[in-house]
Amino acid sequence: MQENLKIHFIPPVPKREKRVGIYCRVSTNSAEQIQSLTAQVSHLTRLTAAMPQ
């Protein structure tokens with residue numbers, strides 16, 4: 001006896017891109033701290049752009 005089997009193909013869900021949040025912080029409002037903040041933002045932006053995953 002042969003059964004009437006129905007097979008339903010469910011396609012895989014495409015992987016979503018991962019999202020990244022960059023957090024930079026300084027403790028005061030001095031010029032040195034502003035330079036530090038700029039350096040942090042620049043470094044982390046380049047780092048995340050270089051890693052596609």
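1. Helices and strands are DSSP runs here, numbered from the N terminus, a helix having at least four residues and a strand at least two. By that rule the chain of this predicted model has one helix and zero strands. The helix, α1, covers residues 31-50. Lys15 has its place in the segment before α1.

2. Overall dimensions. The radius of gyration of the chain is 25 Å, whereas a compact globule of 53 residues would have one near 10 Å. Along the principal axes, the C-alpha trace spans about 85 × 20 × 10 Å.

3. Burial and surface. Of the 53 residues, 2% count as buried. The chain exposes about 5900 Å², and 57% of that area is supplied by carbon and sulfur atoms.

4. Lys15. This residue of the segment before α1 has a relative accessibility of 82% and counts as exposed, because the cut-off for that class is over 50%. Between the C-alpha atoms of Lys15 and Gln40 there are 30 Å in space, with 25 residues of separation in sequence.

5. Gly21. The segment before α1 also holds Gly21. Its relative accessible area is 70%, so Gly21 is exposed. Gly21 and His43 are 22 residues apart along the chain, and their C-alpha atoms are separated by 14 Å.

6. Cys24. Another residue of the segment before α1 is Cys24. Leaving aside residues up to four places away in sequence, Cys24 touches Leu37, Gln40, Val41 and Leu44. For one of these, Leu44, the C-alpha to C-alpha distance from Cys24 is 8.8 Å, at a sequence separation of 20 residues. The contacts of Cys24 rest on heavy atoms within 4.5 Å.

7. Gln35. This residue lies in helix α1. With a relative accessible area of 58%, Gln35 is exposed, because that value passes the cut-off of over 50%.

8. The largest pocket. Its volume is about 180 Å³. The lining consists of Arg16, Glu17, Lys18, Val20, Leu47, Thr48, Met51, Pro52 and Gln53. By class, four of the lining residues are nonpolar, two are polar and three are charged.

9. Which residues does Cys24 touch, not counting residues up to four places away in sequence? They are Leu37, Gln40, Val41 and Leu44.

Notes: Residues numbered from 1 in each chain as written. Predicted model: local features only at pLDDT ≥ 70, side-chain atom pairs only at ≥ 80, totals over all residues. Heavy atoms only, no water. 1 Å grid on protein atoms, 1.4 Å probe; cavity = no way out; pocket = protein on both sides within 12 Å on 5 of 7 lines; lining within 4 Å. Points joined across faces, edges and corners; volume = space filled by probe spheres on them. Nonpolar A, V, L, I, M, F, W, Y, C, P; charged D, E, K, R; others polar. Buried < 20%, exposed > 50% of the residue type's maximum accessible area, 1.4 Å probe, protein only. Rg over C-alpha atoms; globule rule 2.2 N^0.38 Å. Areas by Shrake-Rupley, 256 points an atom, 1.4 Å probe, with all protein chains shown as cover.
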